[in-house]
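Reader: I'm new to this one. Can you walk me through it?
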Amino acid sequence: MHEPLMNPSISGRMDEPVSSATTTHLLRAAFWLAAIGVVAISITPGTALPPVPMWDKLQHFLAYAVLALLGWGGYRQRPVQVALGLILLGGALELAQIAVPGPSASGIDGLANAIGAALGTGLSRLAPRLPA
């Protein structure tokens with residue numbers, strides 16, 4: 001059995017367990033902050049972004065896989081909705097890039113987004129069962 005996460009009390013002691021509601025709220029916040037970051041990066045002109053020494057399809061894949069895992073953590077009862085929402089977000093952002101100088105809309109990028117969302121959702125099914 002897993003030990004509960006511990007929360008430092010005002011005195012700084014690690015004697016109070018972190019509630020599952022607190023964990024869920026933190027994961028939801030992380031999910032939405034990460035999603036906002038993905039949107040911002042996706043619609044920023046390419047010349048304004050620093051170069052990243054990584055294959056861009058891998059960047060797309062990893063971003064959406066992480067979003068799916070965070071989404072699972074925050075919305076465990078809705079993994080399919082999170083995955084479908086991320087797939088739609090990825091497709092919409094690829095279409096939005098038509099109007100942005102620098103990044104180019106790409107069906108292959110959209111596919112990498114969708115595969116990342118699907119695999120992240122699949123990996124979440126392997127995670128230990130945590131209280132909801």
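Reader: How much of the chain is buried?
Author: Buried residues are 30% of the 132 residues. Buried means under 20% relative accessible area, exposed over 50%, and partly exposed in between, with a 1.4 Å probe and protein chains only. This is a predicted model, where local features need pLDDT of at least 70, side-chain atom pairs count only at pLDDT 80 or more, and totals for chains, interfaces and linings use all residues. Residues are numbered from 1 along each chain as its sequence is written, and side-chain values use heavy atoms, leaving out hydrogens and water.

Reader: Which elements does the chain have?
Author: Four helices and two strands. From the N terminus on, the order is β-β-α-α-α-α. Helices (H or I, at least four residues) and strands (E, at least two) are DSSP runs, numbered from the N terminus.

Reader: Which residues form the largest nonpolar core?
Author: That core has 12 residues: Phe31, Ala35, Val38, Tyr64, Leu67, Ala68, Leu70, Tyr75, Val82, Leu86, Leu93 and Ala117. Helix 2 gives the most, with four residues. A nonpolar core is a set of buried Ala, Val, Leu, Ile, Met, Phe, Trp, Tyr and Cys residues joined through side-chain atoms within 4.5 Å.

Reader: What does Tyr75 touch?
Author: Tyr75 touches Arg28, Phe31, Trp32 and Val82, not counting residues up to four places away in sequence. Contact means heavy atoms within 4.5 Å.

Reader: On to helix 4. Is Ser124 buried or exposed?
Author: Ser124 counts as buried because its relative accessibility is 1%. Ser124 lies in helix 4 (residues 107-124). Leaving aside neighbours within four places in sequence, Ser124 is in contact with Leu69 and Trp72.

Reader: And Thr121, buried or exposed?
Author: Thr121 is buried, with a relative accessible area of 14%. Thr121 is also in helix 4. Not counting residues up to four places away in sequence, Thr121 touches Ala68, Pro79 and Ala83.

Reader: Where is Trp55?
Author: Trp55 sits in the loop between helix 1 (20-42) and helix 2 (56-74). Trp55 is exposed, at 62% relative accessible area.
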